[in-house]
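Subject: Structure handover and notes

Dear colleague,

Please find below the structure I said I would pass on, followed by my notes on what was found in it. I would be grateful if you could read the notes with the structure open.

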Amino acid sequence: GLLTGKYNDGNLPEDSRAKQQGYTWLESVIKSWEEEGKLAKVKELTEYAKTNFDCNMAELALAWCVKNPNVSTVLLGATKEHQIESNLKAIEVVEKLTDE
């Protein structure tokens with residue numbers, strides 16, 4: 001959730017897992033991300049992904065994992081069809097990444 005950027009404005013989307021029964025504890029986790037500056041970093045990385053790779057943050061994160069020689073397996077955690085489609089776009093981003 002953090003790297004998707006959906007919490008960047010500090011609000012919880014209605015379809016967020018954090019709004020579901022049994023997951024309300026996530027709200028405090030997301031608030032701590034904001035207080036620790038993690039959401040600000042994700043905002044910066046989101047702009048970097050868009051500017052340099054024409055992709056969203058989740059696609060860049062997955063592409064980085066695929067490109068990383070220390071990662072043997074990349075697991076997708078999609079719960080919606082559009083998330084799977086977006087995740088698969090990371091394959092195009094992998095080709096754009098350099099070793100730097």
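Let me begin with Lys-50, which is partly exposed at a relative accessible area of 48% (buried means under 20%, exposed over 50%, and partly exposed in between, with a 1.4 Å probe and protein chains only). This is a predicted model, in which local features need pLDDT of at least 70 and side-chain atom pairs count only at pLDDT 80 or more, whereas totals for chains, interfaces and linings use all residues. Residues are numbered from 1 along each chain as its sequence is written, and side-chain values use heavy atoms, with hydrogens and water left out.

Lys-50 is found in helix H2, and its side chain meets that of Asp-54 in a salt bridge with an N to O distance of 2.9 Å (a salt bridge being a side-chain nitrogen of Lys or Arg within 4 Å of a carboxyl oxygen of Asp or Glu). Asp-54 itself lies in the loop between H2 and H3, where it is exposed, with a relative accessible area of 55%. Its phi is near 50 degrees, which is a positive value in a residue other than glycine. Lys-50 can also be placed relative to Leu-60: the two are 10 residues apart along the chain, and their C-alpha atoms are separated by 9.2 Å.

As to the overall architecture, the chain contains five helices and zero strands, and along the sequence it reads α-α-α-α-α; helices (H or I, at least four residues) and strands (E, at least two) are taken as DSSP runs, numbered from the N terminus. The C-alpha trace spans about 40 × 25 × 25 Å along its principal axes, and of the 100 residues in the chain, 29% are buried.

There are three salt bridges in the structure, and besides the pair described above, one of them joins Lys-31 to Glu-35, whose closest N and O atoms are 3.9 Å apart. Lys-31 is partly exposed, with a relative accessible area of 49%, whereas Glu-35, at 59%, is exposed. Another salt bridge brings together the side chains of Lys-38 and Glu-36, at 3.2 Å from N to O. Here Lys-38 is partly exposed at 36% relative accessible area, and Glu-36 is exposed at 51%.

Turning to open space in the model, the second largest pocket has a volume of about 330 Å³. On a 1 Å grid over the protein atoms alone, a pocket is an open set of points with protein on both sides within 12 Å along at least five of seven lines, unlike a cavity, where a 1.4 Å probe fits but cannot get out; lining residues have an atom within 4 Å of a point. Grid points are joined across faces, edges and corners, and the volume is the space filled by probe spheres set on the points. The lining of this second largest pocket consists of 14 residues, with Leu-60, Trp-64, Leu-97, Thr-98 and Glu-100 lying nearest its centre. Helix H2 (38-53) and helix H3 (57-67) are the elements that give two or more residues to that lining, and H3 provides the largest share, five residues. By type, the lining residues divide into nine nonpolar, two polar and three charged (Ala, Val, Leu, Ile, Met, Phe, Trp, Tyr, Cys and Pro count as nonpolar, Asp, Glu, Lys and Arg as charged, and the others, Gly among them, as polar).

On the surface, Val-66, Val-74, Leu-76, Ile-84, Leu-88 and Ile-91 form a nonpolar patch, which together has about 510 Å² of accessible area. Such patches are made of residues with over 30% relative accessible area and no salt bridge, nonpolar side chains (Val, Leu, Ile, Met, Phe, Trp, Tyr) being joined within 5 Å and like charges within 9 Å; accessible areas come from the Shrake-Rupley method with a 1.4 Å probe, and for residues only the protein chains shown count as cover.

Finally, Asp-99 has its place in the segment after helix H5 (90-94), and it is exposed, with a relative accessible area of 76%. Although 31 residues separate Asp-99 from Asn-68 in sequence, their C-alpha atoms are 8.7 Å apart in space.

With kind regards
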